[in-house]
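Let's walk through this model together, one question at a time. Keep the view open and follow along.

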Amino acid sequence: MMATFKMAAGAALLSLMALPVLAAHAPGADVQAIERGRYLATAGDCIACHSVPGGKPMAGGLALATPLGAIVATNITPSKTHGIGNYTLAQFSDAVRRGVRADGAHLYPAMPYTAYAKVTDDDTAALYAYFMHGVAAVDTAPAKQTDLPFPLNIRLSMAGWNLLFLDTKPFVADASKSMEWNRGAYLAQGLAHCSTCHTPRNALMAEQLSQELGGADLGTWHAPNISSDSNSGIGSWSQQELADYLRTGRAAHRGQAAGPMAEAIEHSLKHLSDADLNAIAHYLKSVPAVRDAADTKPVTQWGQAGDDLRAIRGVPLPPNLNRMSGAQLYDAQCASCHQARGEGSFDGSLPPLFHNSVTGRSNSNNLVMAILDGVERQDGGSGHLMPAFRQTLSDEQIVTLGNYVQKMYGNPAVKVTAEQVTTLRNGGAPSNLVGLVRAGIVVGVLMLLALLVCWRGRRRKAV
């Protein structure tokens with residue numbers, strides 16, 4: 001099976017002409033290993049987190065928003081002063097697959113080492129070759145450092161978390177499955193780290209494997225259910241539709257990528273070979289189904305074309321624009337692109353609002369976020385597929401517009417609330433993990449004190 005992985009990765013190198021070369025190969029370097037490592041690093045989407053817009057590749061500095069606070073990505077160029085240039089292969093492997101830096105400090109799982117633990121030894125060595133010889137060294141440190149609240153700022157606490165939740169065993173091929181399934185499973189579970197975003201997490205921020213790929217909130221955006229369920233997930237999608245979506249961010253009458261998924265497609269997935277994208281799609285369609293009880297039919301089958309123009313024809317706008325009706329807001333802000341009846345653009349570049357997973361899901365966060373922040377173009381063009389209305393519409397207007405869109409074109413039982421819009425505009429709901437950990441420390445201290453008092457009492461009686 002390892003040979004299969006190497007063959008697939010080797011074939012995928014044909015697509016590498018589209019990827020940027022970040023550094024000249026060092027004399028005597030293993031060019032084939034470097035190029036394979038480049039492809040694998042692209043599959044892992046390393047550049048998305050470890051680079052800032054307009055900055056130097058892999059130099060770090062990007063603040064990754066989490067419910068616990070911002071985690072700042074580090075410099076992973078081969079700089080010997082501020083990067084990983086002094087790392088041995090073993091130290092590199094420990095960082096990537098165990099979450100432990102060369103100095104022994106633990107990484108936070110915003111770095112998806114829990115998924116990268118699946119990467120094989122050979123592919124880890126190829127990644128090492130690429131980062132050491134295919135990336136340009138940047139001899140500067142990020143302007144900011146990670147500074148989480150106590151006690152999470154004590155990195156050693158992650159050692160206990162790892163004992164509970166880190167599976168360090170690399171991927172093992174399933175002999176009962178096809179080569180395509182195994183390749184897809186290897187990529188999806190490992191470098192593509194699908195479950196990192198699409199699997200809900202427990203109170204300790206660990207993935208709930210019983211709900212694997214069942215959907216999860218990512219601060220503001222919602223990573224939808226991508227299990228094989230026909231209603232909530234991608235069970236009704238064909239493998240080709242899913243592979244095309246992974247490549248382009250679009251699937252007709254299904255949905256379109258936005259937010260973090262759009263970034264993953266732009267930086268990573270669209271650069272993968274057709275064989276690898278089809279393998280990932282093949283594997284995803286086999287993942288055990290997870291269904292949300294609210295999804296009484298496939299999320300892409302809700303709604304139909306329609307309008308409410310009669311209700312607003314000849315009706316003046318209210319003096320207080322926050323009192324505009326949903327039909328008025330839609331006509332003013334949306335109809336010029338999505339058309340009066342929600343059919344989408346005539347050239348097909350903008351999707352219809354009905355039979356669309358964004359309006360059909362039981363979670364309306366992505367509809368709100370698309371209105372707030374817009375949708376970036378993912379087909380190599382410039383500009384946006386949809387502009388942001390964060391500065392244009394008030395929370396009250398977004399609630400009214402969102403509920404109009406849901407009622408007219410999506411699942412009418414799904415609502416947009418004022419609290420939801422305010423929370424998403426401000427960056428999402430905070431986690432209670434810090435409070436839980438602090439409470440756990442207090443309880444632990446009290447228990448130790450109680451044991452100490454009990455021990456001293458028994459000792460006095462013995463005397």
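Rings of Phe, Tyr and Trp (its six-membered ring) pair if their centres lie within 6.5 Å; planes under 30 degrees apart count as stacked, over 60 as edge-to-face and the rest as tilted. This is a predicted model, where local features need pLDDT of at least 70 and side-chain atom pairs count only at pLDDT 80 or more, while totals for chains, interfaces and linings use all residues. Residues are numbered from 1 along each chain as its sequence is written, and side-chain values use heavy atoms, leaving out hydrogens and water.

Q: How many aromatic pairs does a search of the whole structure find?
A: A pair of aromatic rings is described by the distance of the centres and the angle of the planes. With that in hand, the search of the whole structure gives a total of 9 aromatic pairs.

Q: Why is the pair of Trp161 and Phe165 called tilted?
A: Both residues belong to helix α7 (residues 157–165), 4 residues apart, about one turn of the helix; helices here are DSSP runs of H or I with at least four residues, and strands are runs of E with at least two, numbered from the N terminus. The ring centres of Trp161 and Phe165 are 5.2 Å apart, and the pair is tilted because the planes meet at 55°.

Q: Is Trp161 buried or exposed?
A: Buried means under 20% relative accessible area, exposed over 50%, and partly exposed in between (1.4 Å probe, protein chains only). Phe165, at 29%, is partly exposed. Trp161 has a relative accessible area of 13%, so Trp161 is buried.

Q: Which residues do ring pairs link into a cluster?
A: Here the ring pairs join several residues into a cluster. Its members are Phe92, Tyr128, Tyr130 and Phe131.

Q: Over which ring does the charged end of Lys297 sit?
A: A charge sits over a ring if NZ of Lys or CZ of Arg is within 6 Å of the ring centre and within 35 degrees of the ring normal. Lys177 does this with Trp181, 5.4 Å from the ring centre. For Lys297 the distance to the centre is 4.3 Å, and the ring is that of Trp302.

Q: Which residue stands opposite Leu64 in β2?
A: Strands β1 (residues 63–66) and β2 (residues 69–72) pair in the antiparallel sense over 4 bridges, where pairing needs at least two DSSP bridges. A hairpin through 2 residues joins β1 to β2. Ala65 stands opposite Ala70, and Leu64 stands opposite Ile71.
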